[in-house]
Amino acid sequence: MQQTRTVELGTGLFVFLGLAALFFLTTQTTGSGMGRVETYSVTARFDNIGGLTGRAPVTMAGVTIGRVEKIALDPDRLDAVVTLKIDRRFDQIPEDSEASILTAGLLGGNYIGIGAGGSMDALRDGDEIYITQSALVLESLISRFLFSQSEDQSDEDND
Amino acid sequence: MGLLGELGATLASFLRTLGSMAIFLGRLIAYTPAGLMRFRLVVHQVHNTGALSLVIIMLSGFFVGMVLALQGFDLLARFNSENVLGGATALALIKELGPVITALLFAGRAGTALASEIGLMKATDQLSAMEMMAVDPMRRVVLPRFLGGIIAMPLLVAVFTAIGIFGAWTIGVALMGVDPGVFWSQMQSLVSMDDVREGIFKSVVFGVTASLVAVYEGYTAWPTAEGVGRATTRTVVITAVAVLILDYMITAALL
């Protein structure tokens, strides 16, 4: 009898510890921030999303207010349609706000920064952000720089 | 010809083992509903395989977490990105090291005990005695041990991983001076619920694998001292290889 109770106590302790560890892993180590938070979706079109990926943060004034939910290519207009999920608490974003794809640090991941507009009407679920700025692609930046260099060069040659 | 014949014989015996193990698993699954009714037996085995493995699991988890943080810090410091230490160690522990190392330790600590216990019961004719009393040793001896292992494994993996993260915290934050806030916030932004789910899925698969191999090897052991010894060795070897192969396949499938 005594032995059975020790076994039960040990097993109970073990199961309790295991479940506590499981609880810790699921709640404390994961980005639970947007897990069960009420959100609303808006879309934005970009000519080029660069290295933007799903679950990338959406920030406003540097504060994360949501995440990228879906990235798709519009087969007709051949541009990228990005669906953003934004926390319900931030439902005062002016509808003429600007969304731009930015890079965190030199080699960091891409994220979407939203710059506030001036409209009195706020973005609603399903709305589209019309003013967007695509990602800066390093290669095109360099080629533009080289082109302008060579144009300067030829201008000087003509003089 | 001799070499080729030997190769063929090895392949045939491998396939035969695989097949009889699959049939064994099928029988165990068929008995499971009835086995769960006698839950006291299963609880006893959860104690044997799980609770008694707790100390070695916690100790190993803590040291694995610490060495991971130490190596990770050294590597990340070269790229000036010590800040992601928390996320990197947590991801490694949750997705890979937690399930795999726990399964290997489980094979060594609990699997060998199961195999030798059942093997010895067979060698000392206890299983035949049960059969004579119309008690099916599959249901009375093998099934509770199998189910106990399956229940214990995910819990052990969770404990291992959680302790490992604290081990990483000890080295990273307390010793190396990574900012504690950054350590946790980087972890939370890097680790997603899918990663935790992958870890849990792996731990369940490894639990079934390790328990199945242990009870199968014990049950099919030659009823001699040598046979029981061989069964224990085979348990560890087969579990380790199977877990590592399964780990690769699950990771490749989920990535």
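In chain B, helix H4 (residues 85-123) and helix H8 (residues 193-219) pack with their axes 8 Å apart and at an angle of about 15 degrees, where axes are lines fitted to C-alpha atoms, for helices over the stretch in contact, and angles run from 0 to 180 degrees between N-to-C directions. H4(B) is therefore roughly parallel to H8(B), a term for angles under 35 degrees. This is a predicted model, in which local features need pLDDT of at least 70 and side-chain atom pairs count only at pLDDT 80 or more, while totals for chains, interfaces and linings use all residues. Residues are numbered from 1 along each chain as its sequence is written, and chains are lettered from A and ligands numbered from 1 in the order in which they are written.

**The helix pair of chain B**
- H4(B) and H8(B) cross in a right-handed sense, meaning that the near helix is turned clockwise from the far one by less than a right angle.
- The residues of the contact of H4(B) with H8(B) comprise 16 nonpolar, seven polar and seven charged; Ala, Val, Leu, Ile, Met, Phe, Trp, Tyr, Cys and Pro count as nonpolar, Asp, Glu, Lys and Arg as charged, and the others, Gly among them, as polar.

**Chain A**
- Chain A holds two helices and eight strands, arranged along the sequence as α-β-β-β-β-β-β-β-β-α, with helices (H or I, at least four residues) and strands (E, at least two) taken as DSSP runs numbered from the N terminus.
- Its domain assignment, from an automatic or database source, gives domain 1 (1-30) and domain 2 (36-143), whose centres, taken over C-alpha atoms, are 44 Å apart.

Definitions and conventions:
Angles under 35 degrees count as roughly parallel, over 145 as roughly antiparallel, 65 to 115 as roughly perpendicular and the rest as oblique.
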